[in-house]
Amino acid sequence: MIDKRLTEIDKEIKLYKNYQDCVLVAVSKFQPVEKIQQAYNAGHRHFGENYVQEMVQKYEQLPKDIHWHCIGALQTNKVKYIVPFVYLIHTLDRKSLCDEIQKQGKKHNRIIQCLIQVAISPEESKMGGCTFEEFKSLYEYALQQPNLKVLGLMGMASFTDDETVIRKEFQSLVKLYHQYPEFSILSMGMSSDYVIALQEGANMIRIGTKIFGERK
Ligand SMILES: *Cc1c(COP(=O)(O)O)cnc(C)c1O
């Protein structure tokens, strides 16, 4: 069932993008390792988790060629647990987090790939993400950290049925993304709004429920 859903979403991605151009991150938070293993067996390698402890436990139990994406609000004191193996942190949103990622990245001799999370909706601004006003100074700060590499942007649209609102919020992130030609990843779109995100130009989407079913 999971492999069928992955195939379905892959087909949809192809309507908007060449497959190579869009990465599907399967969001596995609160899902058991058995389900991740099923998706892995179907050939999937990109998984997203919100909670550090859960990600570390799953990392330890599952094949080591999985690309783990940190997509949840990240506490500075937990950075050290994921730096040894994390593939991409989507939620860089403040300078103190840059400092800690730099410190831990250096310690583990790794360059940590990150996206800057920008709050594009009122809900998101409560949970994390820098403001559009803070963005430039945060990015310039991140550029000074040799063990941290910003590859692009991440954003979450409002939880609403109003497509116009969602589209506008995604467009605000697309606009910022295009101001930085060095960026290569634009992470936006979840189960309820990924088609809109793809239409607007996302090249990384984060889907949980639509692949794994409801979370417990
Ligand atoms: C949980 C989560 C997702 C996936 O949500 P679904 O609605 O289950 O697809 C995507 N992005 C972030 C940041 C999340 O926290």
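Good morning. In what follows, Ala, Val, Leu, Ile, Met, Phe, Trp, Tyr, Cys and Pro count as nonpolar, Asp, Glu, Lys and Arg as charged, and the others, Gly among them, as polar. By that scheme, the lining of the largest pocket divides into 13 nonpolar, 11 polar and 4 charged residues. A pocket here is an open set of points, on a 1 Å grid over the protein atoms alone, where a 1.4 Å probe fits, with protein on both sides within 12 Å along at least five of seven lines; lining residues have an atom within 4 Å of a point.

The model is predicted: local features need pLDDT of at least 70, side-chain atom pairs count only at pLDDT 80 or more, and totals for chains, interfaces and linings use all residues. Residues are numbered from 1 along each chain as its sequence is written, and side-chain values use heavy atoms, with hydrogens and water left out.

The largest pocket has 28 lining residues, and K29, N50, I71, G72 and M156 lie nearest its centre. The ligand takes up this space, in the sense that more than half of its atoms lie within 2 Å of the grid points.

Turning to the ligand, its shell comprises 6 nonpolar, 4 polar and 3 charged residues. As for polar contacts (pairs of N or O atoms within 3.5 Å), the side chain of S191 places a polar atom 2.5 Å from a ligand oxygen. A side-chain N or O atom of N50 is 2.8 Å from an oxygen of the ligand.

Key:
A polar contact is a pair of N or O atoms within 3.5 Å; within protein, one must be able to donate a hydrogen and the other to accept it, and residues adjacent in sequence count only if both atoms are side-chain atoms.
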